[in-house]
Amino acid sequence: MEGSDGNLVKTLMLCHLAGGQDRWLNSLTAWYAAGGGSDTTTEGTKPAGSYDCTWDCTDTSGKRVEAGTYNSCVEAAVEHGNEVVVAGKQTLGSAAIDADLGISGELSTVHVKYTA
């Protein structure tokens, strides 16, 4: 999640090889530039499929964020392939959000849902 200023608010999920074995992690250039791995929930690499990720509306320090505009970003890199990014802005407040962010390369559907 990024704030309206483009700064990293929180990394929600990161799937890669653990223990320094992942030589492609820095190919996720948008994420790496924003946070460089300072706050992650790390999981192993994932096969093709559908995955859910939940944001508790807190920042990297665990503080609840204020209502406002946030940018959801999903970034993927494929070994010997390209990096793809799908992003979309949502305004968190008193209204629910249910939005598709689109399709790009390896990412066939990216959906964001927020319950106020």
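Analyst: One salt bridge is counted in this predicted model. It is formed by the side chains of Asp-56 and Lys-10, with 3.4 Å from N to O. Asp-56 is in the loop between strand 3 and strand 4, while Lys-10 is in the loop between strand 1 (2-3) and strand 2 (14-15). Lys-10 has 19%, and because buried means under 20%, Lys-10 is buried.

Next comes Cys-57, which is found in the loop between strand 3 and strand 4. Its relative accessibility is 7%, so Cys-57 counts as buried. The phi of Cys-57 is near 65 degrees, a positive value in a residue other than glycine. Most residues other than glycine have a negative phi.

Trp-55 is in the loop between strand 3 (42-43) and strand 4 (68-77). Trp-55 belongs to an aromatic pair, and the count of such pairs is one. The partner is Tyr-70, and the ring centres are 5.6 Å apart. The planes stand at 65 degrees, and because an angle over 60 counts as edge-to-face, the pair is given that label. Tyr-70 is in strand 4, 15 residues from Trp-55, and the pair links distant parts of the chain. Trp-55 counts as buried at 15% relative accessibility, and Tyr-70 is buried with a relative accessible area of 10%.

How values were computed
Residues are numbered from 1 along each chain as its sequence is written. This is a predicted model: local features need pLDDT of at least 70, side-chain atom pairs count only at pLDDT 80 or more; totals for chains, interfaces and linings use all residues. Side-chain values use heavy atoms; hydrogens and water are left out. Rings of Phe, Tyr and Trp (its six-membered ring) pair if their centres lie within 6.5 Å; planes under 30 degrees apart count as stacked, over 60 as edge-to-face and the rest as tilted. Helices (H or I, at least four residues) and strands (E, at least two) are DSSP runs, numbered from the N terminus. Buried means under 20% relative accessible area, exposed over 50%, partly exposed in between (1.4 Å probe, protein chains only). A salt bridge is a side-chain nitrogen of Lys or Arg within 4 Å of a carboxyl oxygen of Asp or Glu.
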